[in-house]
Amino acid sequence: MSKVLIIGAGGVGGVVTHKCAQARDVFSAITLASRTESKCRAIAAQIPDFPVQTAQVDADNVPELVALIKAEKPQLVINVALPYQDLTIMDACLETGVDYLDTANYEPLDTAKFEYSWQWAYQDRFKEKGLMALLGSGFDPGVTNVYTALAAKNYLDEVQEIDIIDANAGNHGQPFATNFNPEINIREVTAPCRHWENGQWVESGPLGTKRSFDFPEGIGPMNIYRMYHEEMESLVKHIPTIKKAQFWMTFSDNYLKHLEVLQNVGMTRIDEVEFNGQKIVPLQFLKAVLPDPGSLGPLTKGRTCIGVVAKGIKDGKKKQVYIYNICDHEACYREVKSQAISYTTGVPAVVGAIMMLTGKWHQAGVYNMEQFDPEPFLDVLSKMGLPHVVVEETDWLELT
Ligand code: NDP
């Protein structure tokens, strides 16, 4: 039985707290800490049958984090604050001798650039201290890494190409809103696209390549747009047979129209501008006026479908396998008071934590999800609400 410290009381933090409280055979005590403690208390109040403790912390401040971890004495810190806090929380875990888990890789505040190099650089320090850091234990990154590992383990002798395809076929009825933190979301989708081809990254314009994908189980065809996503970086490193890796996401015409206007008028800029004698960052101001993703929970209907199409060779012949999960926004809200985007991120974070705390995935050092046996993770993930489906094809099907 373990005590866990969750940092970040946003959409994902809420789901993580609910799901840890459900897994009483693993978690004996939970502390939820964030910048705004009232948000922690509001989440704790949704779970009357588990005594969730709350605390205030500025996760940009290592001494504050160290003091909190020393006071709470958790076995694991689950970081579901923002990617900007990854390194400070890892530093505090090293200083206090506690394992670490997150769902998104580090991103400096002043550059819209995310890559694993900063966190992989902690490898020796975590190893020397006998501590583990599990990186990217959300859905994408996270479950998509595990699906790729499953394809490599059980379905293909050699994985040669992957397409990670993320559809939000839901609707929140708002003119424009993002399903997770607007600042992180808009930085991600407006960044130049990169995909992996023949041993190198190939750069192209943001969302410049469009295809259609016929999603399963009645969702049907939707436009998907190619963009950069962090799990490709670790997957091509750890599964070096992958010659081509691409990430695709659905966006509605309405979302793209609003985004284009916001970009054109400068509202997505991340540099400071002078306004009424004060310095403001336009994207941070935009976040303040857009709907809080948490408020979309009761409004969102429809489903998400996130999966991996892995192509390769099996018994000397071309073969393709599509592994996916479908998640229903309204069912998530009924269970944990959140829409499916936060749910599909928060549940894998808790399953990653369970893998670490039960010793099924525990090794000193800094790891990505595909480096461990996918099956124990997927067994628990299915039981906790995110089962997967495997579709095998005897040839490679091209995206058109
Ligand atoms: P939210 O913006 O809803 O929540 C972030 C929380 O972190 C807020 O409670 C915020 O506090 C808190 N926070 C921010 N800065 C600090 C700080 N300096 N100190 C303490 N707390 C802080 O984001 P989400 O819940 O949507 O996302 C959480 C994480 O999950 C992000 O890193 C995101 O990138 C990741 N994610 C990963 C996905 C995946 O599949 N792998 C998918 C979706 C998200 P306050 O309330 O005061 O602002």
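Two strands count as paired if DSSP finds at least two bridges between them. Helices (H or I, at least four residues) and strands (E, at least two) are DSSP runs, numbered from the N terminus. This is a predicted model, in which local features need pLDDT of at least 70, side-chain atom pairs count only at pLDDT 80 or more, and totals for chains, interfaces and linings use all residues. Residue numbers start from 1 along each chain as its sequence is written.

Start with strands β4 and β5. β4 covers residues 76-79 and β5 covers residues 99-102; they pair in the parallel sense over four bridges. Leu-76 has Asp-99 as its bridge partner in β5. Helix α4 (residues 86-96) packs on the sheet. α4 touches β1 (2-7), β4, β5 and β6 (132-135). Its direction makes about 165° with that of β5. Axes here are lines fitted to C-alpha atoms, for helices over the stretch in contact, and angles run from 0 to 180 degrees between N-to-C directions. Residues are in contact if their C-beta atoms, placed from the backbone, lie within 7 Å.

An open sheet of seven strands runs in the order β3-β2-β1-β4-β5-β6-β17, with parallel pairing. Its edge strands, β3 (53-56) and β17 (365-368), each pair on one side only. From one strand to the next the twist averages 20°. Strands of a sheet pair through backbone hydrogen bonds, either parallel or antiparallel.

Strand β10 (residues 210-215) and strand β11 (residues 220-227) are joined by six bridges. Asp-214 has Pro-221 as its bridge partner in β11. The two strands, β10 and β11, form a hairpin with four residues between them. In the turn, Glu-217 has a positive phi of about 55°.

Two loops also carry backbone details. Lys-73 sits in the loop between α3 (62-72) and β4. Its phi is near 50°, positive in a residue other than glycine. Pro-141 lies in the loop between β6 and α7 (143-155). The peptide bond from Asp-140 to Pro-141 is cis, with omega near 10°.

Next, the domains. Domain 1 spans 2-135, and domain 2 spans 143-335 + 385-393; such bounds come from an automatic or database domain assignment. Their centres, taken over C-alpha atoms, are 24 Å apart. At the interface, 10 residues of domain 1 are in contact with 11 residues of domain 2. The domain 1 side has five nonpolar, three polar and two charged residues. Ala, Val, Leu, Ile, Met, Phe, Trp, Tyr, Cys and Pro count as nonpolar, Asp, Glu, Lys and Arg as charged, and the others, Gly among them, as polar.

UniProt, in an unreviewed entry, annotates residues 4-134 as "domain: Saccharopine dehydrogenase NADP binding". That span is 40% helix and 21% strand, with its end C-alpha atoms 15 Å apart. UniProt positions follow the numbering used here, feature names are shortened, and annotations may be inferred rather than shown by experiment.

Which residues come nearest to the ligand? Of the 32 around it, they are Gly-10, Val-12, Ala-59, Gly-138 and Phe-180. A residue is near a molecule if its C-beta atom, placed from the backbone, lies within 6 Å of it. The shell has 14 nonpolar, 13 polar and five charged residues. Domain 1 and domain 2 each supply at least three residues. Helix α1 gives the most, with three.

Terms used
Two residues are in contact if their C-beta atoms, placed from the backbone, lie within 7 Å.
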